Amino acid sequence: MSETKGLSRRDFLKGAAVAGAGAAALGLVACDTPATGDSGSGSEIVTLPHVDKWDYEADVVVCGFGFAGQGAAVEANNLGNSVFVVDRAPREHCGGSSASKRIYTSGLLGPDVETNIKYVTSECWGSTDAETIRAQIEMNHKVPEWIESIGGTVTWQPTGISYLAIPGGPEMVNAGTGPENGFVGHPPAPYEDNFPQESFKPPWTEWMLDMMAERDIPVKHATALVELIQNGETGEVLGIKAGEGITFAKGFEQNSEGTPIYIKAKKAVFIATGGYEHNEELLKQFAPHAHSAFVTMYGSPYSDGSGMIAAMKAGAAIWHTNKKEMHSFGCAPLSKELGVGVTVSAWATNIGREPGIVVNRYGKRFYNEYFNGGHSDNRREWDRFVHHHLPADDEEYCDYPNVPMYFIFDETTRTGRRIGGIGQFQGNLGVYKWSEDNSAEIAAGYILKADSIEELAGKITSTNFFGVQEPMDKAALAKTVSDYNGYCATGVDLEFGRRDSTMFPLVTPPFYAMEICECQTNTQGGPKHNGDCQVLDPFDKPIPRLYVGGELGSIYGHLYNGMENIPETLSSGIRAARHANGLTAWDA
């Protein structure tokens, strides 16, 4: 290793002291200011809910330490503001969903701003106003330069275009001078070298944490946003109530409320707490998937919708909750046990390498398993609801027939590859590592094993939404596999048109079944905002001093191309910080 690459993080950051820096930095912003008092204009401010005193204060309070929160904190500090950060995740799991995936601040840009705007406008399909789209895309194109300005590096890469048939799509393939229509932002070399995957510490996150320490920006981990503090007369956001020192049980379930603390935000509050992926009630009410299905997420399990709830309570309008960001399946039983999604390679194009099919709880195939697995569609066949009613139909039926669903494969597939993912949150942060030959998952019962298809079906029992247990029909599954093997022999899938080159017969015992589920990346919906990331009320009026960013209230309300949420994170944080910088402190 070269001398430069051997630099420690603290050496690189010009003497930043991480150990003990948090407490010292907190001392700079701790205060004992009464919550009511003169606003600077001679009138007394009444807080809602009532606050006796502020425990801490800063010009800008940032809730969430993913890419959006990091961008807001750094840019607000660049502009001379004091900043205070709270993050629900503990130190060892901080960084948000993007850090969980161990990716850097990559993004799709295309050849120029106007082409990118044209494409994103087509994707949004009328769900987002032109001004907000333009503001985001213009800043997206400045993000690479911004990364370099704070000490990072940028490389360029080709990025796939999902929607070549919509306006702007064909042009987005090019970057003007070549195929590099996207970028990747990297932390400085010492971080990439010193934090390999087995360290369970994402390099970008470690860089940002050290930068916060160097700049005396406090970051309170395991501290959750509880609610916003507003001016009781005007609705202006004055600060936050947070729970400090919260703890979590198995499955990342929060099992303590922590100690209440009140943090004054003299200029603004920026909410970047992620989506509502791990809030069962919000998923039931807002997420677009089958209501009887178990759905998991492979991003940060600390995204619990707290930011969305706090903004709604403060009067925020909500948008884009009809959009899900999803491009993978998960192992249902293991994901349930861990409390976070574990991806499996039974999804889309990766199923076409060895023998494998997907069946519903009746033992029947219900779609072409080999399909475009991008981030494109809001709905898939497993989301389909069926209602049959006599006399128009031949039966009485009312249910989601295709969930739960099962990946059926044989010994060739089992020995051919590791089926489960080892990245994402569970792998990159040390929660679980899938075995190389899938044997540990078989032994644990996450994958069922049998010597015949009929025996395998006999081991599968589903429970529908109403609690009724339904054993899989042995004859039905046997017929499904027999028919599929026949299609493999002729090269023609008579039911769903799966390509000949992707079909391999299920003939080598033992046979296996794994319950799979939709494994989403993140939610997209949340508080509606304008181009400056100001949160809007139902009448499209900004809620004073309240901003939102990242996946929480993303601009993508219909279609989504991979690598668009990531630049949105930093872009939104930077825009919010710059707009808030122009405000006068409410207690001035």
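Reader: Which residues form one aromatic cluster?

Author: In this predicted model, the cluster is made of Phe329, Trp347, Phe366, Tyr367, Phe371 and Trp382. The search of the whole structure gives 26 aromatic pairs.

Reader: Why is the pair of tyrosine 191 and phenylalanine 195 called what it is called, given the angle of their planes?

Author: The ring centres of tyrosine 191 and phenylalanine 195 are 6.4 Å apart and the planes stand at 15°. Rings pair if their centres lie within 6.5 Å, and planes under 30 degrees apart count as stacked.

Reader: What makes lysine 336 a charge over the face of phenylalanine 294?

Author: Lysine 336 is placed at 5.1 Å from the ring centre of phenylalanine 294. The limit for NZ of Lys is 6 Å, with a further condition of 35 degrees from the ring normal. The distance falls within the limit, and lysine 336 is listed as lying over the face of the ring.

Reader: How many disulfides does a search of the whole structure find?

Author: The count is 0.

Reader: What makes the contact of lysine 266 with aspartate 59 a salt bridge?

Author: Their side chains meet at 4.0 Å, N to O. The requirement is a side-chain nitrogen of Lys or Arg within 4 Å of a carboxyl oxygen of Asp or Glu, so the pair qualifies. Lysine 266 is in strand β13 (residues 259-271) and aspartate 59 is in strand β5 (residues 53-63), so the bridge ties together parts that are 207 residues apart in sequence. Lysine 266 is buried at 18% relative accessible area, and aspartate 59 is buried at 14%.

Reader: What do lysine 264 and aspartate 587 tie together?

Author: The side chains of lysine 264 and aspartate 587 meet in a salt bridge of 3.1 Å, N to O. Lysine 264 belongs to strand β13 and aspartate 587 to the segment after α19 (565-581), so the pair joins parts 323 residues apart in sequence. Lysine 264 is buried, with 4% relative accessibility. Aspartate 587 has 27%, which lies between the 20% and 50% cut-offs, so aspartate 587 is partly exposed.

Reader: Which residues are linked in a network of salt bridges?

Author: The network links Glu57, Asp59, Lys264, Lys266 and Asp587. The whole structure has 26 salt bridges.

Reader: Where do glutamate 411 and arginine 414 lie?

Author: Both are in helix α14 (residues 411-416), 3 residues apart, which is about one turn of the helix. Glutamate 411 counts as buried at 17% relative accessibility, and arginine 414 counts as buried at 16%.

Reader: Why is phenylalanine 465 called exposed?

Author: Its relative accessibility is 55%, and exposed means over 50%, so phenylalanine 465 passes the cut-off. Phenylalanine 465 is in the loop between β23 (461-463) and β24 (469-471). With Phe466 and Val468, Phe465 forms a nonpolar surface patch of about 360 Å² accessible area together.

Reader: What is omega for the peptide bond that joins leucine 48 and proline 49?

Author: Omega is about -5°, and the bond is cis. Proline 49 sits in the loop between β4 (47-48) and β5. The bond from proline 509 to proline 510 is also cis, with omega near -5°. Proline 510 is in the loop between α18 (474-490) and β25 (511-523).

Reader: Is asparagine 438, which has a positive phi, buried or exposed?

Author: Asparagine 438 has 0% relative accessibility, which is under 20%, so asparagine 438 is buried. Its phi is about 70°, although asparagine 438 is not a glycine. The residue is found in the loop between α15 (424-428) and α16 (439-443).

Reader: Why does phenylalanine 200 count as it does at 37% relative accessibility?

Author: The value lies between 20% and 50%, so phenylalanine 200 is partly exposed. Phenylalanine 200 has a positive phi of about 60° and is not a glycine. Its place is the loop between α9 (189-194) and α10 (203-214).

Key. Residues numbered from 1 in each chain as written. Predicted model: local features only at pLDDT ≥ 70, side-chain atom pairs only at ≥ 80, totals over all residues. Heavy atoms only, no water. Disulfide = S-S within 2.5 Å. Helix = DSSP H or I, 4+ residues; strand = E, 2+ residues; numbered from the N terminus. Buried < 20%, exposed > 50% of the residue type's maximum accessible area, 1.4 Å probe, protein only. Phe/Tyr/Trp six-rings, centres within 6.5 Å; stacked < 30°, edge-to-face > 60°. Patch = residues over 30% accessible without salt bridge, like charges linked within 9 Å, V, L, I, M, F, W, Y side chains within 5 Å. Areas by Shrake-Rupley, 256 points an atom, 1.4 Å probe, with all protein chains shown as cover.
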